Amino acid sequence: MSLDGVYDSDNIFARIVRGEIPAVRIAEDQDTLAFMDAFPQSSGHCLVIHRTSRARNLLDVEPEALIAIMSTVQRVARAVKLALAPDGIVVTQFNGAPSGQTVFHLHVHIIPRWTGVALGRHGEGMADPKALGELAARIAARLNG
Ligand code: AMP
């Protein structure tokens, strides 16, 4: 998939929004949804998406939707800091397959990092859903500080 293309309304994140496939949810509001990455690169790796925008990437998203996404990214990243006490947090986002994008519904990664702990490879190794649920609950409990 190149940078240009048609939004596929059956992509996996659109299906998560519609509740057609499960996800370990952390936070949701009218505009956005935050959930655990099922193939995490670190413990606590999560994703933020817009619920209704049909943007595939940063280049085609409406500014209002981008503001909503990034506001949730900040809120969840703050909760990750409080819940998991990482030494750093990577916030990243890929545009087009050659950049590493595999799901073509705009999403932002929040990846906590600890000094001396190597990053896992992108999209490899499915996490235990129970462990993801416990992490999501810890993060969700700190959304309000
Ligand atoms: P990207 O490569 O930026 O498109 O990222 C897609 C991300 O979605 C990867 O980090 C995957 O691990 C993650 N992912 C793929 N399928 C699912 C799923 N069903 N639930 C949660 N995360 C997923």
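Buried means under 20% relative accessible area, exposed means over 50%, and partly exposed lies in between, with a 1.4 Å probe and protein chains only. By this scale R51, at 26% relative accessibility, counts as partly exposed. The structure is a predicted model, in which local features need pLDDT of at least 70 and side-chain atom pairs count only at pLDDT 80 or more, while totals for chains, interfaces and linings use all residues. Residues are numbered from 1 along each chain as its sequence is written, and side-chain values use heavy atoms, with hydrogens and water left out.

Because E28 lies in strand 1 and R51 in the loop between strand 3 and helix 2, the pair ties together parts that are 23 residues apart in sequence; helices (H or I, at least four residues) and strands (E, at least two) are DSSP runs numbered from the N terminus. E28 is likewise partly exposed, at 44% relative accessibility.

Salt bridges that share partners also join D10, R15, R18 and E20 into one network. Within this group, R18 forms a salt bridge with D10, the closest N and O atoms being 3.0 Å apart. R15 and E20 meet through their side chains at 3.2 Å, N to O. R18 is partly exposed, with a relative accessible area of 41%; R15 is partly exposed at 31%, and E20 at 43%. Over the whole structure, the search finds six salt bridges.

The aromatic residues supply another kind of contact. Rings of Phe, Tyr and Trp (its six-membered ring) pair if their centres lie within 6.5 Å; planes under 30 degrees apart count as stacked, over 60 as edge-to-face and the rest as tilted. The count by this rule is one aromatic pair. The ring centres of F13 and F35 are 5.3 Å apart and their planes stand at 80 degrees, so the pair is edge-to-face. It links distant parts of the chain, with F13 in helix 1 (residues 12-17) and F35 in strand 2 (residues 32-36), 22 residues apart. F13 is buried, with a relative accessible area of 8%, and F35 is buried at 2%.

D4, D60, E62 and E64 form a negative patch. Lys and Arg count as positive and Asp and Glu as negative, without His and the chain ends, and a charge is placed at NZ of Lys, CZ of Arg, CG of Asp or CD of Glu. D60 lies in the loop between strand 3 (46-50) and helix 2 (63-84), and is partly exposed at 34% relative accessibility.

A nonpolar surface patch is formed by L3, L58 and L59, with about 280 Å² of accessible area together; accessible areas come from the Shrake-Rupley method with a 1.4 Å probe, and for residues only the protein chains shown count as cover. L58 is found in the loop between strand 3 and helix 2, where L58 is partly exposed with a relative accessible area of 39%.

Conventions. Patches are made of residues with over 30% relative accessible area and no salt bridge: like charges are joined within 9 Å, nonpolar side chains (Val, Leu, Ile, Met, Phe, Trp, Tyr) within 5 Å. A salt bridge is a side-chain nitrogen of Lys or Arg within 4 Å of a carboxyl oxygen of Asp or Glu.
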